[in-house]
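Visitor: Could you take me through one part of this model at close range? I would like to look at the sheet and what surrounds it.

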Amino acid sequence: MKKSQQQGFTVVELLITLVILSILVSVAAPSYQRMIAQQKLRGASTELRASLLLTRAEAVKIGQTASMQPKLSDWNNGWEVVSNGNVVGDFALPEGVSVAAGPASGKVKYTLWGRPNSQCEHFDLTVSGCNMCLYLDIDGSVFTDAGACAASCPAAPESANNWVSACSQ
């Protein structure tokens, strides 16, 4: 008489595998959420930077003031670039990102020389406890710094990847 061999896993082996897998997932989840928050901040700051550069380029191109303004008076609703009375760019924040503070004047204006009309405008971006500040310098350049916005305009940071430390403060 031949003995038949069974193939496969027992219920106990499957349960042990599931327990180990769930422990590994629970350990990895917090760092994954932090990475997602950092990437959302990076995306939002890139969108803001691109729209500020578009506004600056439009002002120089038409030889008149161009502006970037919030939709419905709130930066969290998105913003638009207005040049010569026409909307030339329409932008939105990534889901979950908010602008805690924007320019004091309510909009950013560039002169025909590509310079902002006011000094040290800033945008305070937040998502899931992570903060990043986007500054507009007097010469029209844009830079970011990790953490909440400072009361005065700081010098541009040395690191170009400062969004990485936006969640560690």
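Guide: Happy to! Please keep in mind that this is a predicted model. Let us begin with the sheet, which is open and has four strands in the order β3-β2-β1-β5, paired in the antiparallel sense. At its edges stand β3, residues 86-91, and β5, residues 108-110; each has a single partner strand, so one side of each is left without a neighbour in the sheet. On average, and with direction ignored, neighbouring strands here are turned by 25° against each other.

Now move to the pairing of β1 with β2. Strand β1 covers residues 66-71 and strand β2 residues 74-83, and six bridges join them in an antiparallel arrangement. If you look across this pair, you will find methionine 68 opposite valine 81 of β2.

Those two residues come up again when we turn to the helix. Threonine 55 belongs to helix α1, which spans residues 11-62. Once neighbours within four places in sequence are set aside, the contacts of threonine 55 are Ala66, Ser67, Met68, Val81, Val108 and Tyr110. With a relative accessible area of 0%, threonine 55 is buried, because the cut-off for that label is under 20%.

Next come the salt bridges, of which the structure holds two. As a general point, side chains of opposite charge can pair when their charged atoms come close. Lysine 71 counts as partly exposed, at 23% relative accessibility, while aspartate 90 is exposed, with a relative accessible area of 52%.

The other bridge brings us back to the helix. Glutamate 58 forms a salt bridge with lysine 61, and here the closest N and O atoms are 3.2 Å apart. Both glutamate 58 and lysine 61 lie in helix α1, three residues apart, which is about one turn of the helix.

How values were computed: Residues are numbered from 1 along each chain as its sequence is written. This is a predicted model: local features need pLDDT of at least 70, side-chain atom pairs count only at pLDDT 80 or more; totals for chains, interfaces and linings use all residues. Side-chain values use heavy atoms; hydrogens and water are left out. Two strands pair if DSSP finds at least two bridges between them. Axes are lines fitted to C-alpha atoms, for helices over the stretch in contact, and angles run from 0 to 180 degrees between N-to-C directions. Buried means under 20% relative accessible area, exposed over 50%, partly exposed in between (1.4 Å probe, protein chains only). Contact means heavy atoms within 4.5 Å. A salt bridge is a side-chain nitrogen of Lys or Arg within 4 Å of a carboxyl oxygen of Asp or Glu.
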